[in-house]
Amino acid sequence: MKFFADTAVVAEIAELDRYGLLDGVTTNPSLIAKSGRDFKEVIAEICAMISGPVSAEVAAMQFDGMVAEGEHLARIAGNVVIKLPLTLDGLRACRHFSGKGIKTNVTLCFSANQALLAAKAGATYVSPFVGRLDDIAIDGMDLIRDIRQIYDNYGFATQILAASVRNANHVRWAALAGADVATVPASVIKGLASHVLTDKGLEQFARDWAATGQSIL
Ligand code: G3P
């Protein structure tokens with residue numbers, strides 16, 4: 001499963017990239033607002049920092065505006081992925097861009113039928129929001145499993161990008177459900193490496209090694 005960082009904070013992206021934990025980045029209007037940065041500037045900066053895909057979301061709600069904004073965003077860098085909402089206009093824009101070989105991420109997906117339409121529109125990625133389904137007592141991972149089965153039934157190439165991932169369990173469950181990608185807050189990605197027994201074992205190794213009085217170098 002690929003890990004995308006769900007953030008527009010450059011320092012977070014740089015740190016994850018240094019650890020080799022990063023396969024891409026996703027942003028959305030809320031994350032851009034949270035970053036306090038100019039949208040096009042921060043997308044250009046992130047695209048220059050990493051070679052993986054960087055999702056940048058249109059703000060327009062109608063097809064013509066989505067196409068105009070998406071074409072503008074695609075010109076920022078070759079690794080920009082145009083993020084479009086799962087609406088009829090968003091699906092039409094997705095088909096427009098996929099027909100031109102421009103990568104797309106269809107977002108705000110909350111049902112298997114929506115995901116089926118995204119695949120039929122040629123979406124590169126579809127973003128089911130698992131955390132927001134959990135928030136209303138619907139199992140978000142059931143949606144990932146349904147989409148996986150439907151995509152495999154018909155050989156759709158669209159990648160399942162689990163989004164609205166809130167914790168380490170979401171990461172594990174998304175991987176078990178067969179998501180191709182999880183887009184995850186930077187703090188959750190970093191936390192995946194941590195375990196109390198790893199820390200405890202390492203402390204014991206350090207004590208025992210010190211007791212040998214030896215040096216490797
Ligand atoms: O990628 C979508 C993500 O940013 C939404 O997360 O926690 O607001 O549902 P959340």
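Helices (H or I, at least four residues) and strands (E, at least two) are taken here as DSSP runs, numbered from the N terminus. On that basis the secondary structure of the chain comes to 11 helices and 8 strands. This is a predicted model, in which local features need pLDDT of at least 70 and side-chain atom pairs count only at pLDDT 80 or more, while totals for chains, interfaces and linings use all residues. Residues are numbered from 1 along each chain as its sequence is written, and side-chain values use heavy atoms, with hydrogens and water left out.

Along its principal axes the C-alpha trace spans about 70 × 35 × 30 Å. Buried residues (buried means under 20% relative accessible area, exposed over 50%, and partly exposed in between, with a 1.4 Å probe and protein chains only) make up 45% of the 217 residues in the chain.

A pair of aromatic rings is described by the distance of the centres and the angle of the planes. Rings of Phe, Tyr and Trp (for Trp, its six-membered ring) pair if their centres lie within 6.5 Å, and planes under 30 degrees apart count as stacked, over 60 as edge-to-face and the rest as tilted. The structure holds 4 such aromatic pairs. One of them joins Phe4 and Tyr125, whose centres are 5.7 Å apart and whose planes stand at 75 degrees, an edge-to-face arrangement. This pair links distant parts of the chain, since Phe4 belongs to strand 1 (residues 2-6) and Tyr125 to strand 6 (residues 125-128), 121 residues apart. Phe4 is buried, with a relative accessible area of 1%, and Tyr125 is buried as well, with a value of 5%.

Tyr151 and Phe156 form another edge-to-face pair, with 5.7 Å from centre to centre and 70 degrees between the planes. Tyr151 is buried, at a relative accessible area of 1%, whereas Phe156 counts as partly exposed at 23%. Ring pairs also bring in Tyr154, so that Tyr151, Tyr154 and Phe156 are linked into a cluster.

Because Lys190 lies in helix 10 (residues 186-191) and Glu15 in helix 1 (residues 10-18), the pair ties together parts that are 175 residues apart in sequence. Lys190 is partly exposed, with a relative accessible area of 38%, and Glu15 is partly exposed at 24%.

Asp135 and Arg166 meet in a salt bridge with an N to O distance of 2.9 Å. Here Asp135 is in helix 7 (residues 130-135) and Arg166 in the loop between strand 7 (159-162) and helix 9 (168-177), so that the pair links distant parts of the chain, 31 residues apart. Asp135 is exposed, with a relative accessible area of 52%, while Arg166 counts as partly exposed at 39%.

The side chains of Asp180 and Arg148 form a further salt bridge, at 3.1 Å from N to O. Asp180 lies in the loop between helix 9 and strand 8 (181-184) and Arg148 in helix 8 (residues 140-154), so this bridge ties together parts that are 32 residues apart in sequence. Asp180 counts as partly exposed at 24% relative accessibility, whereas Arg148 is buried at 16%. Salt bridges that share partners also join Asp139, Asp142 and Arg145 into one network.

The last part of this account concerns helix 11. The expected span of a helix is 1.5 Å times one less than its number of residues, so the 17 residues of helix 11 (residues 196-212) should span 24 Å, and the 25 Å between its end C-alpha atoms agrees. Gly213 follows helix 11 and has a positive phi, near 70 degrees. Trp209 is found in helix 11 and is partly exposed, with a relative accessible area of 39%.

Note on methods: Salt bridge = Lys/Arg side-chain N within 4 Å of Asp/Glu carboxyl O.
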